[in-house]
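Here are some notes for a colleague who is opening this entry. Please keep the sequence and the model side by side while reading.

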Amino acid sequence: MNAEVGTRNAEQKGKSLPVRDLKERTKAFALAIVRLVDDLAWSRATDVIGRQLLRAATSVAGNCRSARRARSRKEFLAKMGIVEEEADESAFWLELLSETGLVNSTKIAELRDEASQLVAITIASIRTAREGGRPVPRSAFRVPH
């Protein structure tokens, strides 16, 4: 299932990039955002935007991890929907930081790209799960019927 393994789009000069687990990617994204927010020069604007960005980016990782333990396809889809929303929201806050000049846009270009890719991967995962392909990951706590 796409949610289990995320790969970057091969738009990067036609190179095939190594497969990375989506759980690993979302955690790395959250850690990079934590570091970025910690490095922001303090102002009222960076405080508000930084808090929102931090909340959204860490939610991406947390809900992705939670989706892997879904007890049903419906629960998986709900969690992945949250991942999609939060990744898109993270992209918005990164855009805002860049467009207001609060952060050098080249400094966050990779993070903006990663947020966009996480949205695309999540959408693909949701579509795959809706089509009913392979079974969704199951929680070890799932009670058999």
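Does S98 count as buried or exposed?

1. S98 counts as buried, because its relative accessibility is 14%. Buried means under 20% relative accessible area, exposed over 50%, and partly exposed in between, with a 1.4 Å probe and protein chains only. The residue sits in helix α3, residues 73-99. Helices are DSSP runs of H or I with at least four residues, strands are runs of E with at least two, and both are numbered from the N terminus.

2. A word on the basis. This is a predicted model, in which local features need pLDDT of at least 70 and side-chain atom pairs count only at pLDDT 80 or more, while totals for chains, interfaces and linings use all residues. Residues are numbered from 1 along each chain as its sequence is written, and side-chain values use heavy atoms, with hydrogens and water left out.

3. What surrounds S98? Setting aside neighbours within four places in sequence, S98 is in contact with V103, S105, I108 and R112. Contact means heavy atoms within 4.5 Å.

4. The chain as a whole has four helices and two strands. From the N terminus, the order is β-β-α-α-α-α. Of its 145 residues, 37% count as buried. Among contacts with a separation of 6 or more, 73% join residues 24 or more positions apart.

5. Now the pair α1 and α4. Two packed helices are described by the angle between their axes and the distance between the axes. The axes of α1 (residues 22-39) and α4 (residues 105-131) come within 11 Å and cross at roughly 145°. Axes here are lines fitted to C-alpha atoms, for helices over the stretch in contact, and angles run from 0 to 180 degrees between N-to-C directions.

6. Which residues make this contact? From α1 they include F29, I33 and L36, and from α4 they include I108, L111 and L118. The contact residues divide into ten nonpolar, two polar and four charged. Nonpolar covers Ala, Val, Leu, Ile, Met, Phe, Trp, Tyr, Cys and Pro; charged covers Asp, Glu, Lys and Arg; the others, Gly among them, are polar.

7. T46 is buried, with a relative accessible area of 6%. Its side chain reaches the backbone oxygen of A41 at 2.7 Å. Not counting residues up to four places away in sequence, T46 touches L40, A41, R51 and L102.

Key:
A polar contact is a pair of N or O atoms within 3.5 Å; within protein, one must be able to donate a hydrogen and the other to accept it, and residues adjacent in sequence count only if both atoms are side-chain atoms.
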